[in-house]
Amino acid sequence: MKGRLALIVALVLLVPTAFAVAQAMRVLKEDEQRQRATLERTLALIGGYHDQVALQATRLLLSLSARPAIVGADLDACNEALKVETQQNALFLTLNRADRDGNVVCSSWPDAQGISYADRRWFQELATGTGRITSSGVLIGRHPLTGPTLVVGASVLGPDDQFRGTLSAGLSLEALIALPRSVQLPADAVAAVVDRDGVIATSRGDLDRVGLDEKTVRRLLEHPMVPQVWASKAGRAWQFLARPSHVPGMQTMVVAGLPVEPWGWLDARFQSGILLPTSILFLSVFVVWVATDILITRPLLKLARAVRQWRREGEMPPLMLEGAPEELGELAQAFARAAKEIRERDELLQASLQEKDLLLREIHHRVKNNLQIVTSLLNLRAGSLRNTQAQRAMREAQLSIKALALVHRKLYERPDLKQVSLDELLEELSSLVHDLSADLSPRVTLTLALDPVVVVSDQATPLALFCTELLTNSVKHAFPRDREGCIEVRLERIADHQVRLTISDDGIGTQASRVGRNSDVAGGMGLKLVQMFARQIGGELVSESDERGTRTSLVFTPATA
């Protein structure tokens, strides 16, 4: 109850609250877009100038790699040409000419002669023909005068366009990121040129203050042109953006970063646009929740506890709903009156049910007694008969009547009076038939294998008569001349919630070979009765007989009460 009322209040206030929050978020989104645009412009300025410098260096390097004085075999002329070019172009710190094996043969810096580039990645890329020009991608050493350098190499080709070596230059890293004085960047902007492994080659701004290290740079390189935000060492948030160089062969990337504007600019609007309506919403929901709990929920819980106690003990305790609304008090009184009336009606129904149960048990008991009287009368009548076949017919009739009496006894012995334990019924019935027929086949034994199965009374009667008829037939016909043998009664559960009742013997067999549910095979009265009982319970009847004996199975589905 209180949850629903609180939800209604929340839904009523949700629209204005959502509108205020949406307005504040729109302002925040616009500010984020302005920061993103500023960062992209900064990256475009720094990256554009870097690409211009890199493009100038690669073009000049390609031009030098085709000069006869550098490509030719005159090493003195090559050294002099490279030295002059380095002095005239401040972009190049060193220029080195290497043969096809990677050994430096001439250089603007004499100490470089004899150095091998064969194991350098940039040299291997040029030697394998991956590209005409490439950069080292890593810091490869220090120039004796100016510090760290980044190598850019170009392949030197012969007249037959075969690889004859490389011409490499150590670039001035400061020149790669320097901007003309006319270009002004945001005051807090930082930038860096990094290689393919995330090593920072050169930078602008205080990167230590920002906390931009190689691990952070590698995360940027994995997602170029995707802004990423993290906190610096001082706890200030920074937003960074990276893009690769657009110059073919340059394995460098440009990174630019700007501090994220703090939430201070939103203080006033945050309070009025987000905090105030949200606080009103939650306060209203809280007030409704508490008021509903005190006025409605607690009295209802008391009433619910009283109802549960009434259900357990059958007695409704007195209710004191102090402070509850008048309607809940009337509801409690109505529950008390209803509980009293229900208790009185339950007592009447229980008494009536017990009376009916006793009457039904008495009926079954009397039916069983009457059937026993009938069997006694038949027994007296059979004793007065001199014809052996007539006496046998009387005894068979007695067996059927005793089977019916046994069903009625099993019914009134069960608490529900509706179902019969078929395994117990068949066990007692089989033993009864076997004992009464001992004079016909004294050397025949009985074997039982019965799974627990429960059936309703409508199925129990035909099943009892079915079993009696088959057992009687086996005793009468399967073992002539005191033949020794065995009769087996098996009750088992099978698939699809069905049950199979099988009665078999190892006697001499009969002429009938198979009896189906709708079979019209000619036979004696016993077969017709068996077929009739099978149809009554909707079962499928199969009978097989040969010199090894007779086996009759009935597959049916037990009905539920």
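An open sheet of 5 strands, with mixed pairing, runs in the order β12-β14-β15-β17-β16. Strands here are DSSP runs of E with at least two residues, and helices are runs of H or I with at least four residues, each numbered from the N terminus. Two strands count as paired if DSSP finds at least two bridges between them. A second open sheet, also of 5 strands, is ordered β7-β6-β10-β9-β8 with antiparallel pairing. This is a predicted model, in which local features need pLDDT of at least 70 and side-chain atom pairs count only at pLDDT 80 or more, while totals for chains, interfaces and linings use all residues. Residues are numbered from 1 along each chain as its sequence is written, and side-chain values use heavy atoms, leaving out hydrogens and water.

**The mixed sheet**

- At its edges lie β12 (444–450) and β16 (540–546), each of which pairs on one side only.
- From one strand to the next, the twist averages 10 degrees; axes are lines fitted to C-alpha atoms, for helices over the stretch in contact, and angles run from 0 to 180 degrees between N-to-C directions.
- Have a look at β12 and β14 (residues 485–493), which run parallel and are joined by 7 bridges.
- Along this pair, L448 stands opposite V489 in β14.

**The antiparallel sheet**

- Its edge strands are β7 (200–204) and β8 (228–231), and each of them pairs on one side only.
- Neighbouring strands of this sheet are turned by 25 degrees against each other on average, direction ignored.
- Helix α7 (residues 214–222) packs on the sheet and touches β6, β7, β8, β9 and β10, where contact means heavy atoms within 4.5 Å.
- The direction of helix α7 makes about 165 degrees with that of β8.

- Strand β10 (residues 252–259) is largely enclosed by the rest of the structure, because 8 of its 8 residues are buried; buried means under 20% relative accessible area, exposed over 50%, and partly exposed in between (1.4 Å probe, protein chains only).
- In a regular strand the side chains alternate between the two faces of the sheet.
- In β10, T252, V254, A256 and L258 point one way, M253, V255, G257 and P259 point the other way, and all are buried.
- Strand β6 (residues 190–195) runs antiparallel to β10, with 6 bridges joining them, and V190 stands opposite G257 in β10.
- Strand β9 (residues 237–244) also pairs with β10 in the antiparallel sense, over 7 bridges.
- Two facing pairs to find here are Q239 opposite L258 in β10 and R243 opposite V254 in β10.
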